[in-house]
Amino acid sequence: MLVLGIEGTAHTVGVSIVDGDGEVLSNVFETYQEKEGIHPREAANHHSSKIVPLIREALEESNVGRDEVDLVAFSQGPGLGPCLRTVATAARSLSLSLDVPLVGVNHCIAHLEIGRLRTEAESPVLLYVSGGNTQIIAFTKGRYRVFGETLDIGLGNMLDKFGRDKGMNFPAGPVIEKKARGGDELLDLPYSVKGMDVEFSGIMTSALNLDEPLEDICYSIQETTFAMLTEVTERALAHTRKNEVLLGGGVVQNKRLQEMIEKMTEERGATSFVPEPEFCVDNPAMIAWTGYLMYDSGTSISVEESNIRQKFRTDEVEVTWRG
Ligand code: AMP
Ligand code: MG
């Protein structure tokens, strides 16, 4: 079985072909480069100009003919309306013209499923930290449930906004990571954990108001926010009695975050897993693969049911593919 998957919830638009054995035959994507924060309509225009070439490229790279595609999967949400609509339109047209079924995939769950495919993690707690999202997700009682999340913005967006103010190029996360290596003084920033949830805007405001070397500020932002995430992840592990942490989202490429999570899991006798970078960031292979799992366990939707879901909650999805 060959699945064509399309991702397009935010900055990234892409197309992937995977087969039913989990072989990723192609995974091609492009990212809209923001200058002053993501502009949803401009990102959507970017996606609509790239989507047809990306479909061609994904098919060519995987050596799959159009008529060989058995299923079309797309990112149904959560995400930015204009981006989601662009991708949904492409997916519907493909499904109709190829006369194959259509599946709408929850983007957050797809991060977890691609991590399970690409690493040895079996039933992990997912720490998902991207531009727009920050969530701790785990499978319990038949659903993927959110155990903790940001109450304001995603950590990646916070880093990007802070960086923009300091004249760094987008994405600022990797620049901040580099600068942080030169810092050693832990400056006073709010530590915002509320129950199992976290908050980042206040930390950003405080960091922007600091008159200290940039290296120390970057170091302190990382130490503070990553400690918050590590704390909440540890509590999710304890609560769910799981012994695996899977990392997902662009921010988890950060070596310091990986190190802190690894240390925490080791101390608990648990294990942490990080997929390869191309499967950490938003990528279409995760949509294609989750689409396959859903379809294989009996889920597909009609074009009428394929409306986008900007606020698509992780725990709304009926998980038919896990025993
Ligand atoms: P995503 O939204 O999952 O595609 O990931 C993009 C986000 O990851 C952006 O906000 C980047 O700033 C952030 N990011 C990428 N690399 C790093 C890094 N090494 N450290 C921190 N954040 C990062
Ligand atoms: Mg994502």
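In this predicted model, a polar side-chain atom of Asp160 lies 2.6 Å from an oxygen atom of ligand 1. The table lists this polar contact (a pair of N or O atoms within 3.5 Å) with two others.

| Residue | Atom of the residue | Distance to an oxygen atom of ligand 1 |
|---|---|---|
| Asp160 | polar side-chain atom | 2.6 Å |
| Gly250 | polar backbone atom | 2.8 Å |
| Gly173 | polar backbone atom | 3.1 Å |

On its own, ligand 1 has 500 Å² of accessible area (Shrake-Rupley, 1.4 Å probe), and the protein covers 89% of that. Around ligand 1 there are 16 residues (a heavy atom within 4 Å), and Gly131, Asp160, Glu177, Gly250 and Asn254 come nearest. By class, this shell has 5 nonpolar, 8 polar and 3 charged residues, with Gly counted as polar. Helices α4 (155–165) and α5 (173–180), which are DSSP runs of H or I with at least four residues, each supply at least two residues of the shell.

The magnesium ion (ligand 2) is coordinated by His107 (NE2), His111 (NE2), Tyr128 (OH) and Asp282 (OD), at 2.0 to 2.3 Å. Donors here are N, O and S atoms within 2.8 Å of the metal (3.2 Å for Na, K and Ca), and sites may look incomplete as water is not among the atoms. Along the chain the donors follow the spacing H-x3-H-x16-Y-x153-D. His107 lies in helix α3 (residues 107–118) and Asp282 in the loop between α9 (277–280) and α10 (284–296), 175 residues apart.

Residues are numbered from 1 along each chain as its sequence is written, while chains are lettered from A and ligands numbered from 1 in the order in which they are written. Local features need pLDDT of at least 70, side-chain atom pairs count only at pLDDT 80 or more, totals for chains, interfaces and linings use all residues, and side-chain values use heavy atoms, with hydrogens and water left out.

Note on methods:
A polar contact is a pair of N or O atoms within 3.5 Å; within protein, one must be able to donate a hydrogen and the other to accept it, and residues adjacent in sequence count only if both atoms are side-chain atoms.
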